[in-house]
Amino acid sequence: EDAGDYKCVATNDAGVVERSLTLTLQSPPVITVEPVGTVLEAGATAVLDCQARGEPLPTISWSRQGQPMLGDDRVALLPNGSLRIAALQREDTSEYECVARNLLGSVLVTVPLTVQGGPARAKGSIIGNINDVEFGIAFLNATVMDSPDTDTRVIQAKITNVPQTLGPAMRKLISILSPVYWTTAKEIGEAMNGFTLTDAVFKRETQVEFATGEILRMTHVARGLDADGALLLDVVLSGHVLQLQSQLMARVLLQDYTEDYIQTGPGQLHAHSTRLFTADGVSVPYTWNHTITYDPSKGRMPFLVQTLRAASITTEYSPVEEAVAFKIQASIAKGIVLGLPRTQTMVLVLLSTDIDECESRDTCQHECRNSLGSFQCVCPAGYRL
């Protein structure tokens with residue numbers, strides 16, 4: 001409290017003279033507002049508070065594990081000394097240091113920041129042809145949130161600019177969204193979803209096959225997150241899907257299902273599933289399998305097999321909006337390796353040396369289609385096996 005303005009006044013018979021001065025008491029920095037450890041979802045914005053007092057007034061700087069945080073457009077130092085990081089990414093998980101300095105010294109405090117893996121949104125474009133109908137660019141937009149009632153994440157998606165000639169058929173193609181719900185699925189235990197495993201950068205080749213012989217192929221390319229934390233996705237479709245009579249008005253129900261993801265090598269996964277949809281009471285099975293490739297340096301899944309569970313699926317098409325709406329709940333957990341116990345190396349060898357049963361002419365009477373670990377006989381168009 002001795003700091004302040006002082007005045008010295010001298011007087012005698014000849015007059016008065018005075019001088020003023022300011023007394024400043026210097027002090028080393030003291031942190032007055034400490035940052036608090038924070039856990040946020042990918043795509044969110046983090047603000048790490050840090051304020052200090054001292055004389056002279058301390059300057060505040062931030063570092064990450066001892067390295068200055070320079071050259072990143074997502075990072076900003078606020079006027080009050082707090083650190084703001086926008087569009088959080090999983091690699092932002094780290095310990096951060098707030099340092100306050102003045103002429104008398106410095107003080108440091110550390111804070112952990114944890115970024116959990118689910119982009120909160122996804123967006124992309126879809127092009128190609130279905131049932132020999134070429135369509136322009138359709139647009140995919142999806143939101144992701146935690147379910148309040150179950151240990152899953154809820155994905156709500158809408159595909160717009162879908163012509164009426166294709167809209168009803170696309171209600172069955174939940175596989176269009178497979179990169180979205182695999183990337184954002186709720187992680188159970190130590191299981192990894194697509195974002196945790198690949199940082200949302202991967203390529204996915206998918207083949208959907210209906211029991212009546214139609215085949216649709218899809219190529220998905222995930223390009224990471226944009227500045228707002230949204231998953232960027234491009235999709236190319238080509239092939240045929242089952243057409244039903246009066247399918248515009250048919251009520252389509254997609255049953256719950258599981259997908260098994262198997263690590264077949266560095267940066268490579270294989271997945272497969274069998275599903276069932278019902279249209280006006282008629283049940284139709286269909287299968288699909290796909291291969292995912294990603295940067296091998298990202299590592300492997302924590303388990304040889306992981307199982308993704310898809311539940312509470314709803315789908316509808318609006319002819320007026322020319323839009324298909326989907327809703328799905330997804331979670332991913334450790335999978336089960338069926339059959340006798342094998343080492344991981346043995347299973348990988350079996351997967352990588354798949355036998356092509358279709359090489360034998362006697363396998364099928366008409367067309368034979370090989371798949372990993374199996375095959376299927378298919379009749380010509382217009383016939384049923």
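**Close-up views of a predicted model**

**View 1. Contacts around phenylalanine 326.** Setting aside sequence neighbours within four places, phenylalanine 326 is in contact with Ile155, Gln156, Ala157, Ile159, Met170, Arg171, Leu173, Ile174, Leu177, Thr314 and Thr315. The model shown here is predicted. Phenylalanine 326 sits in strand E25, which spans residues 323–334. Its relative accessibility is 4%, so phenylalanine 326 counts as buried. One of the contacts, Leu173, also gives a distance along the chain: leucine 173 and phenylalanine 326 are 153 residues apart in sequence. Their C-alpha atoms are separated by 9.7 Å.

**View 2. Isoleucine 328 in strand E25.** Isoleucine 328 is placed in strand E25. Phenylalanine 326 has its place in strand E25 as well. Isoleucine 328 has a relative accessible area of 0% and is therefore buried. Not counting residues up to four places away in sequence, isoleucine 328 touches Arg153, Val154, Ile155, Ile174, Tyr181, Tyr257, Ala310, Ala311, Ser312 and Ile313. Ile155 and Ile174 are among these partners, and both are also among the contacts of phenylalanine 326. Valine 154 lies 174 residues from isoleucine 328 along the chain. The C-alpha atoms of this pair are 5.8 Å apart.

**View 3. The disulfide between cysteine 50 and cysteine 98.** A search of the whole structure finds 1 disulfide. Cysteine 50 and cysteine 98 form it, with sulfur atoms 1.9 Å apart. The torsion about the S-S bond is about -80°, so the disulfide is left-handed. Cysteine 50 lies in the loop between strand E5 (46–48) and strand E6 (51–55), while cysteine 98 lies in strand E11 (residues 94–102), so the pair ties together parts 48 residues apart in sequence. Cysteine 50 is buried, at 0% relative accessibility. Cysteine 98 is also buried, with a relative accessible area of 0%. Is cysteine 8 buried or exposed? Cysteine 8 counts as exposed, because its relative accessibility is 52%.

**View 4. A nonpolar surface patch that includes leucine 23.** Tyr6, Leu21, Leu23 and Leu25 make a nonpolar surface patch of about 370 Å². Leucine 23 belongs to strand E2, residues 15–23. With a relative accessible area of 34%, leucine 23 is partly exposed.

**View 5. Residues 1–24 and the Ig-like annotation.** An unreviewed UniProt entry lists residues 1–24 and 29–116 under "domain: Ig-like". What share of residues 1–24 is strand? The span is 75% strand and 0% helix. The end C-alpha atoms of residues 1–24 lie 10 Å apart.

**View 6. The whole protein, for orientation.** The protein has 4 helices and 27 strands. Of its 385 residues, 43% are buried. Phenylalanine 326 is a buried residue, as is isoleucine 328. Consider contacts between residues at least 6 apart in sequence: 59% of them join residues at least 24 apart. The protein exposes about 20200 Å². Carbon and sulfur atoms supply 52% of that area.

Technical notes: Residues are numbered from 1 along each chain as its sequence is written. This is a predicted model: local features need pLDDT of at least 70, side-chain atom pairs count only at pLDDT 80 or more; totals for chains, interfaces and linings use all residues. Side-chain values use heavy atoms; hydrogens and water are left out. Helices (H or I, at least four residues) and strands (E, at least two) are DSSP runs, numbered from the N terminus. Buried means under 20% relative accessible area, exposed over 50%, partly exposed in between (1.4 Å probe, protein chains only). Contact means heavy atoms within 4.5 Å. UniProt positions are given in the numbering used here, feature names are shortened, and annotations may be inferred rather than shown by experiment. A disulfide is a pair of cysteine sulfur atoms within 2.5 Å. Accessible areas come from the Shrake-Rupley method with a 1.4 Å probe; for residues, only the protein chains shown count as cover. Patches are made of residues with over 30% relative accessible area and no salt bridge: like charges are joined within 9 Å, nonpolar side chains (Val, Leu, Ile, Met, Phe, Trp, Tyr) within 5 Å. A salt bridge is a side-chain nitrogen of Lys or Arg within 4 Å of a carboxyl oxygen of Asp or Glu.
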